[in-house]
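Here is a short note for a colleague who is opening this model for the first time. Please read the points with the structure in view.

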Amino acid sequence: MTITFYTNFINHHQVPLADCFFKLIGDNYKMVTFTPLPDEFRKRGYEDYSYKEYLIKAYESEQQMEYALELSLSSDIVILGAAPEYLITERIKRNKVTFRYEERIFKKIDRRLCHLTYWKELYEKHTCYRSKKLYMLAASAYNRLDTSLLYSYPDKCYKWGYFIDVPPIDIFSLLEKKDNSCIKVLWCGTISQVKRPDLVVKLASILKEKQINVHINMIGSGAWEDLICNLMNKLDVSDYITLLGNQHNKDVLRLMQEHHIFIFTSDRGEGWGVVLNEAMANGCTVIASNKIGSAPFLIKNRVNGLLFRSGNVRSLYRAVKLLAEQKALRERLAVAAYNTMQNEWSPMCAAENFIQLATALLHNEVPKIIDGPCSKAYIINSKKILE
């Protein structure tokens with residue numbers, strides 16, 4: 001089987017999965033990129049992976065571009081990520097097995113929804129090919145809801161996401177080393193509206209009022225920094241929150257291993273949120289908004305983490321209070337979270353599941369029923385998953 005994945009540029013979120021594909025099928029796996037790593041990402045500390053053996057850099061020469069185009073038709077399986085649409089148009093017409101790799105289609109509710117041309121574009125991209133061998137790799141638990149509104153991908157939408165290398169840690173030893181004299185809570189993200197850092201400050205205000213022994217560290221920077229600082233001063237919670245600024249990814253992972261709880265407060269604009277993978281894989285007990293794209297796929301409420309009602313600070317507070325007061329529950333959820341990442345949502349699990357799914361589809365067979373990546377994606381009820 002030959003698999004070709006098309007994307008704009010290679011980054012650290014894609015490499016673990018790509019490496020696993022390469023381990024499993026060798027030169028039969030290719031990743032095609034159309035631009036080098038942008039300077040803005042280099043400045044943010046992104047590693048340049050342009051040396052990878054499986055990489056086809058279409059931007060380097062006409063020959064490489066021609067090869068990229070040839071692969072779009074000759075490959076047994078094509079996965080289209082953030083790459084030009086024309087690559088798969090002829091392939092779909094020939095009814096060759098093809099996957100789209102997308103988060104939410106309606107992640108943002110904006111003025112485009114009022115224009116007929118936008119809906120026409122969506123129809124031509126998704127709905128008109130519903131009878132072809134075109135499938136969706138849903139990198140958001142709410143992707144299936146969006147595609148159902150377009151009457152597209154009937155019974156052809158599969159759970160997907162972003163996959164990180166899971167560190168080989170002794171989770172029980174890691175939890176035992178944590179200092180429980182004060183519960184340390186971590187938040188990490190761009191300080192912007194989508195990430196809802198204001199909820200963290202309001203949470204701190206309630207925790208202080210209730211005299212719960214918790215300290216919150218916030219990693220990141222962004223347009224809302226002044227607003228957050230002003231809100232911290234207004235609510236008088238500077239003794240409960242420390243702003244750590246931007247941190248290198250390695251330091252973020254280290255801090256996750258030192259903290260007890262990770263809170264993920266983003267709203268529905270968070271298509272996936274790989275920081276949740278990282279927190280679960282590094283010994284944190286996670287609390288996440290139910291509207292985040294990764295949360296319903298990765299978290300089973302009260303089994304390997306907690307979900308709270310998006311935007312509701314009281315719901316968030318109840319979850320933090322519960323974990324702060326119940327050490328046994330906190331550690332049980334952390335162990336289950338780590339096992340989920342290691343045994344179900346690791347890059348190797350995803351690669352193996354995908355090859356199994358693709359093989360079945362190539363042979364017109366019914367795919368096996370599995371859990372995790374490449375299992376069937378259904379419409380998620382964001383309220384029901386809180387139960």
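**Notes on packing and cores**

1. K376 touches D155, C157, Y158 and K159, leaving aside residues up to four places away in sequence. Contact here means heavy atoms within 4.5 Å. K376 and K159 are 217 residues apart in sequence, yet their C-alpha atoms are 6.1 Å apart in space. K376 sits in the segment after helix 15. K376 counts as partly exposed because its relative accessibility is 24%. On this scale, buried is under 20% relative accessible area, exposed is over 50%, and partly exposed lies in between (1.4 Å probe, protein chains only).

2. A word on the basis. This is a predicted model, where local features need pLDDT of at least 70 and side-chain atom pairs count only at pLDDT 80 or more, while totals for chains, interfaces and linings use all residues. Residues are numbered from 1 along each chain as its sequence is written, and side-chain values use heavy atoms, with hydrogens and water left out.

3. Which residues touch the most other members of the largest nonpolar core? They are I3, Y29, F99, W160, F262, L276 and F354, out of 72 residues. Such a core is a set of buried Ala, Val, Leu, Ile, Met, Phe, Trp, Tyr and Cys residues joined through side-chain atoms within 4.5 Å. Y29 touches I3, F5, A18, F21, F22 and Y54, again not counting residues up to four places away in sequence. Apart from this core lies another, of 36 residues, including V185, I206, I228 and M232.

4. Next, helix 1 (residues 15–25) and helix 15 (residues 347–362). Helices are DSSP runs (H or I, at least four residues), numbered from the N terminus. The two pack at an angle of about 55°, with their axes 8 Å apart. Helix 1 and helix 15 are therefore oblique to each other. Oblique covers angles other than those under 35 degrees (roughly parallel), over 145 (roughly antiparallel) or 65 to 115 (roughly perpendicular). P16, L17, C20, F21, K23, L24 and I25 in helix 1 meet P347, M348, A350, A351, E352, F354 and I355 in helix 15.

5. Helix 13 (residues 313–325) and helix 14 (residues 327–343) pack at about 105°, with axes 5 Å apart. Helix 13 and helix 14 are therefore roughly perpendicular to each other. L322, L323, A324 and E325 of helix 13 make the contact with K327, L329, R330 and L333 of helix 14.

How values were computed. Axes are lines fitted to C-alpha atoms, for helices over the stretch in contact, and angles run from 0 to 180 degrees between N-to-C directions.
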